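Please look at the chain shown here and follow the paragraphs below, which go from a loop to a helix and then to the aromatic rings.

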Amino acid sequence: MKNMKTKDMVLIAMMAAVTCILGPLSISIPISPVPISLTNLAVYFSIYVIGLKRGTISYFIYMLIGLVGLPVFSAFTGGVGKLFGPTGGYIIGFLFMAIICGIFIDFWPEKKALHFLGMVLGTIVCYIFGTAWLSVQAHLTFEAALAAGVIPFIPGDLAKIIIAMIIGPTVKNRVKAAGLDY
């Protein structure tokens with residue numbers, strides 16, 4: 001990002017920190033090796049608050065922090081091994097989710113229905129990456145991986161999207177009012 005200002009770097013770092021705080025908070029569920037996590041909620045917030053480019057960079061920084069071993073992934077884990085474990089596809093998928101959500105939110109700032117659609121489509125892409133990788137890593141059929149890694153999460157992820165749609169614009173407006181907008 002050419003001409004990035006200090007405030008941009010601070011906002012990116014702050015949203016990466018928010019993701020580092022929310023990402024490890026997770027609940028294991030007995031029917032799946034995939035826990036319920038707040039990482040996607042943090043990504044939705046980041047995109048709302050600092051936009052497509054900066055929000056995607058903040059997630060990428062979070063991912064790198066986790067890959068070097070800091071315990072910022074679900075259940076306070078980290079390291080390259082996590083990427084190659086059953087949930088690694090979701091970690092990669094969140095990056096594409098950020099891009100897709102950001103496109104819809106940045107290009108149609110006043111169209112809440114399109115924000116919802118973008119977040120749903122981004123989440124579906126994340127689910128595809130996660131399910132495919134879970135299938136390989138856990139030696140499951142794609143359908144079994146879908147049943148373990150997607151179906152139980154749909155209601156909660158829809159709730160996270162709604163929460164982000166309610167809180168995200170408010171936080172963005174506060175950031176803008178403070179003169180820190182992009």
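Ala75 sits in the loop between α2 (39-67) and α3 (80-83), where helices (H or I, at least four residues) and strands (E, at least two) are DSSP runs, numbered from the N terminus. This is a predicted model, in which local features need pLDDT of at least 70 and side-chain atom pairs count only at pLDDT 80 or more, while totals for chains, interfaces and linings use all residues. Residues are numbered from 1 along each chain as its sequence is written, and side-chain values use heavy atoms, with hydrogens and water left out.

Most residues other than glycine have a negative phi. Ala75, although it is not a glycine, has a positive phi of about 60 degrees, and Phe76, which is also found in the loop between α2 and α3, has a positive phi near 55 degrees. Ala75 is partly exposed, with a relative accessible area of 46%, whereas Phe76 is exposed at 53%; here buried means under 20% relative accessible area, exposed over 50%, and partly exposed in between (1.4 Å probe, protein chains only).

After α7 comes Gly179, whose phi is positive, near 80 degrees.

How many aromatic pairs does a search of the whole structure find? The search finds six, where rings of Phe, Tyr and Trp (its six-membered ring) pair if their centres lie within 6.5 Å, and planes under 30 degrees apart count as stacked, over 60 as edge-to-face and the rest as tilted. The ring centres of Tyr59 and Tyr62 are 5.4 Å apart and their planes stand at 45 degrees, so this pair is tilted. Tyr59 and Tyr62 are three residues apart in helix α2, about one helical turn, and both are buried. Phe96 and Phe129, by contrast, form a stacked pair, 4.8 Å centre to centre with 5 degrees between the planes. This pair links distant parts of the chain, with Phe96 in helix α4 (residues 88-107) and Phe129 in helix α5, 33 residues apart.
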